[in-house]
Amino acid sequence: MRKQLAEAQQIEQYLLREMPAASRLVFQARMLAAPALREKVRYQRKTLQLVRWLAREEKRRELDQLFQRLMQDTSFNNSITSIFT
Amino acid sequence: MRTQEDQWLEEIYRNTLPRVAAAIYRMGGNLEMAKDIFQDAVIIYLEKKQQNKLPPEVPAAAYIGGIARILGIRKLKRSGPHIPLDDMDGDIGVPADYYAPPPVAKPVLEYVKAAGKRCLQLLRAFYYDHLSIQEIAEDFNFKTQHSASVQKYKCLEKVREQIKQSDYAETVS
C-alpha cells in the first residue's frame with residue numbers, strides 16, 4: 001500500500017480507537033508537530049461523520065416508503081390512526 | 001424479491017408501531033412524531049445490531065419500544081414522575097451524534113454526494129453497514145479483498161480531500 005494510503009489507514013485506526021495505547025501517544029505527538037496531519041485527521045473524522053449521517057438519511061427515506069406502503073392497508077392504517085382520534 | 005430484513009421490518013411496524021404510537025400520544029405527540037420517533041428507534045436498533053452492541057436476551061420489540069420512549073421524552077420534554085428515566089436499561093442508549101446536524105455545510109454536502117457517489121457507497125458498506133471485507137469485495141466486484149481494502153483508503157482520501165477543498169471554497173466565498 002502506498003505511503004499516502006498507509007497514512008489514511010493510520011488515521012482510521014486512530015479515529016476508530018483501534019490503535020494500541022503506545023502508538024496512539026506517538027501519533028498524538030506527531031499531530032502536535034504536524035499541522036498538515038492534524039488537518040487530515042480533522043477532515044477524515046468529518047468524512048466518517050458524513051458517511052454515517054448520509055446512511056441514516058437514506059435509511060429514514062427507506063422507512064418512510066415502507067410506512068407509506070403499510071398505511072395503504074386499511075387495518076394497519078386504522079390500528080395507527082385510531083390512536084390519535 | 002423481499003429480503004429477510006424487509007419482512008422483519010414489516011412485522012416490527014405491525015406489532016410495535018401501534019404500541020409506540022400510543023405511548024407518544026400519551027406524551028402529547030401526534031402521528032407524524034410517533035412515526036419519526038419509531039423509525040429513529042428502529043434505525044438505532046439496527047445500528048446496534050450491526051455493531052453487536054445489543055444487550056443479550058432483550059427482544060427487538062422491547063428494545064425499540066425502550067429507545068422510542070427515550071426519544072419521545074427528549075422530544076416532548078416531559079420527564080415527569082410517570083415516565084422516569086432511571087428505569088432504563090443501561091445498555092439502551094441513543095448514540096450521542098444521532099441528532100447531530102450535517103457535519104458539513106449544505107453546498108459541500110451536495111458536492112460530495114454528486115462527486116463521490118460510489119466512494120460514499122463503499123465507505124458506507126465499511127463504516128456504517130459493517131459488512132465484512134469478503135462481502136464488500138463480492139458486492140462491489142473487487143477481484144480480491146486486498147483491492148477492496150486499498151479502494152477503501154483511496155475513497156477515504158478522495159472524499160476527505162473533496163470535503164477539504166469545498167470547505168475552503170465555502171470559507172472564502
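Figure 1. One of the salt bridges joins the side chains of B:Glu5 and A:Lys59, with an N to O distance of 3.3 Å. Between chain B and chain A, 18 residue pairs are in polar contact, with both residues at pLDDT 80 or more. On the side of chain B that touches chain A, two or more residues come from each of H1, H2, helix H4 (106–115), helix H5 (117–127) and helix H7 (145–172) of chain B. Of these, H7(B) gives the most, with 13 residues.

**Figure 2. Extent of the interface between chain B and chain A.** Contacts link 52 residues of chain B to 42 residues of chain A. About 4,400 Å² is buried between chain B and chain A, and carbon and sulfur atoms give 67% of this area. Within chain B, the residues that lose the most area to chain A are B:Pro103, B:Tyr153 and B:Arg160, which together make up 16% of what that side buries.

**Figure 3. The largest nonpolar core, around A:Phe76.** This core has 39 residues, and the most contacts inside it belong to A:Phe76, B:Tyr13, B:Phe38 and B:Val42. At least two residues of the core come from each of helix H3 (35–71) and helix H4 (74–81) of chain A, and from each of helix H1 (4–26), helix H2 (31–50) and helix H3 (60–76) of chain B. With neighbours within four places in sequence left aside, A:Phe76 contacts A:Phe67, A:Leu70 and A:Met71 in chain A, and B:Tyr13, B:Arg14 and B:Leu17 in chain B. Another core, of 38 residues, lies apart from this one; A:Tyr14, A:Phe27, B:Val104 and B:Ile163 are among its members.

**Figure 4. Helix H5 of chain B.** H5(B) is mostly covered, with eight of its 11 residues buried. The buried residues are B:Cys119, B:Leu120, B:Leu122, B:Leu123, B:Arg124, B:Ala125, B:Phe126 and B:Tyr127.

**Figure 5. Two loop residues of chain B with positive phi.** Most residues other than glycine have a negative phi. B:Glu57 has a positive phi, near 65 degrees, and is not a glycine. B:Glu57 sits in the loop between H2 and H3 of chain B and counts as exposed because its relative accessibility is 82%, over the 50% cut-off. The phi of B:His130, likewise not a glycine, is positive at about 50 degrees. B:His130 belongs to the loop between H5 and helix H6 (133–139) of chain B. With a relative accessible area of 37%, B:His130 is partly exposed.

**Figure 6. Surroundings of B:Tyr168.** B:Tyr168 is part of helix H7 of chain B. Its relative accessibility is 35%, so B:Tyr168 counts as partly exposed. Not counting residues up to four places away in sequence, B:Tyr168 touches A:Glu39 and A:Tyr43. From B:Tyr168 to B:Asn15 the separation is 153 residues in sequence and 49 Å in space, C-alpha to C-alpha.

**Figure 7. Model confidence in chain A.** Chain A has a mean pLDDT of 94, and 99% of its residues reach 70 or more. Where pLDDT is low, the predicted coordinates should not be read in detail.

Technical notes: Residues are numbered from 1 along each chain as its sequence is written. Chains are lettered from A and ligands numbered from 1 in the order in which they are written. Side-chain values use heavy atoms; hydrogens and water are left out. pLDDT is the predictor's confidence in each residue, from 0 to 100. A nonpolar core is a set of buried Ala, Val, Leu, Ile, Met, Phe, Trp, Tyr and Cys residues joined through side-chain atoms within 4.5 Å. Buried means under 20% relative accessible area, exposed over 50%, partly exposed in between (1.4 Å probe, protein chains only). Helices (H or I, at least four residues) and strands (E, at least two) are DSSP runs, numbered from the N terminus. Contact means heavy atoms within 4.5 Å. Buried area is the accessible area (1.4 Å probe) that two parts lose on being put together, summed over both. A salt bridge is a side-chain nitrogen of Lys or Arg within 4 Å of a carboxyl oxygen of Asp or Glu. A polar contact is a pair of N or O atoms within 3.5 Å; within protein, one must be able to donate a hydrogen and the other to accept it, and residues adjacent in sequence count only if both atoms are side-chain atoms.
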